[in-house]
Amino acid sequence: MVRQHVNPLSRFYQLPRPLPAPAELFARAELPLHLDIGAARGRFLLAMAQGEPDWNHLGLEIRRPLVDAAEADRQSLQLNNLHYLFCNANISLEGWLAALPPGLLQRVTIQFPDPWFKKKHHKRRVLQPELQLAIAAALAEGTALFVQSDVLAVIEPMVAVIEASGCFERPGGDARPWRTDNPLPVPTERERHVLAQDLPVYRVLYARNALPPPPLALLQQRLAETLEQSPEAADNPAN
């Protein structure tokens, strides 16, 4: 399975795109909302929406052809609890999250994001500190954030920024450092591909705690301290 990248820092993808409110996307906008950031071709959410009809599912993807194809599938199945949107999450999502009705967002997933291995490209990675704070502010206590990747150099910085926020806890019974299984009922295409080759998948499930999100400067300071103390966090996206 070949990853097809676009540069999220290019001028085209830096343009803010207003995202429709849930009431414009879903027939029953009051249902709990699952947000999948980096939905790719959308087949994971397509299955989730069919298996969870009492949830709304929204997939965001920066590659427009994948969004168009996913939306065609959704429309052919007439699923009114599912939608896909084209945008750069780090540009267009923060304001949308801030405008959500309290308690609506119940689950956020970020699965197998583009790795951007070179250090000079780390600012292209999806989970930047500003987006992490916006996610933390939109999720109520007890709601879920799930991240997974097949690349340690990707998942470790994601874990670093999430835990530096202070807003999330791992369930007590989960294995450390990585969960042994997927808590969701549907695997992604990438996940199936990796597991079929008997390769590892690194997963972490978080629950939102009651602490308020810290100021951005404090989060960045904590990340810098994590980098100094932990050599394996050397790919931290704040660098």
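Is Arg74 buried or exposed at its relative accessibility? At 12% relative accessibility, Arg74 counts as buried, where buried means under 20% relative accessible area, exposed over 50% and partly exposed in between, with a 1.4 Å probe and protein chains only. The structure is a predicted model, in which local features need pLDDT of at least 70 and side-chain atom pairs count only at pLDDT 80 or more, while totals for chains, interfaces and linings use all residues. Residues are numbered from 1 along each chain as its sequence is written, and side-chain values use heavy atoms, with hydrogens and water left out.

Arg74 forms a salt bridge with Glu71, the closest N and O atoms being 2.8 Å apart; a salt bridge is a side-chain nitrogen of Lys or Arg within 4 Å of a carboxyl oxygen of Asp or Glu. Both residues lie in helix α3 (residues 64-77), three residues apart, about one turn of the helix. Helices (H or I, at least four residues) and strands (E, at least two) are DSSP runs, numbered from the N terminus. An α-helix has 3.6 residues a turn, so residues three or four places apart point the same way. Glu71 is also buried, with a relative accessible area of 11%.

A search of the whole structure finds 12 salt bridges. Among them is the pair of Asp54 and Arg28, with the closest N and O atoms 3.9 Å apart. Asp54 lies in the loop between α2 (43-51) and β2 (56-61) and Arg28 in the loop between α1 (22-25) and β1 (33-37), so the pair ties together parts that are 26 residues apart in sequence. Arg28 is partly exposed, its relative accessible area being 41%. Another salt bridge joins Glu189 to Arg43, with 3.1 Å between the closest N and O atoms. Because Glu189 lies in helix α7 (residues 189-196) and Arg43 in helix α2, this pair ties together parts that are 146 residues apart in sequence. Both partners count as partly exposed, Glu189 at 26% relative accessibility and Arg43 at 39%.

Seven strands form an open sheet of mixed pairing, in the order β3-β2-β1-β4-β5-β7-β6; two strands pair if DSSP finds at least two bridges between them. At the edges stand β3 (82-86) and β6 (168-169), each with a single partner strand, so one side of each is left without a neighbour in the sheet. Strands β2 and β3 run parallel and are joined by five bridges, and the bridge partner of Leu58 in β3 is His83.

In helix α2, Phe44, Leu45, Leu46, Met48 and Ala49 are buried. The buried residues of α2 pack against β1, β2, α3, β3 and β4, contact meaning heavy atoms within 4.5 Å.

Two aromatic pairs are found in a search of the whole structure. Rings of Phe, Tyr and Trp (its six-membered ring) pair if their centres lie within 6.5 Å, and planes under 30 degrees apart count as stacked, over 60 as edge-to-face and the rest as tilted. The rings of Phe168 and Tyr206 have centres 6.2 Å apart and planes at 70°, so the pair is edge-to-face. Phe168 in strand β6 and Tyr206 in strand β7 (residues 202-208) are 38 residues apart, and their pair links distant parts of the chain. Both Phe168 and Tyr206 are buried. The charged end of Arg208 sits over the ring of Phe168, 5.8 Å from its centre, the criterion being NZ of Lys or CZ of Arg within 6 Å of the ring centre and within 35 degrees of the ring normal.
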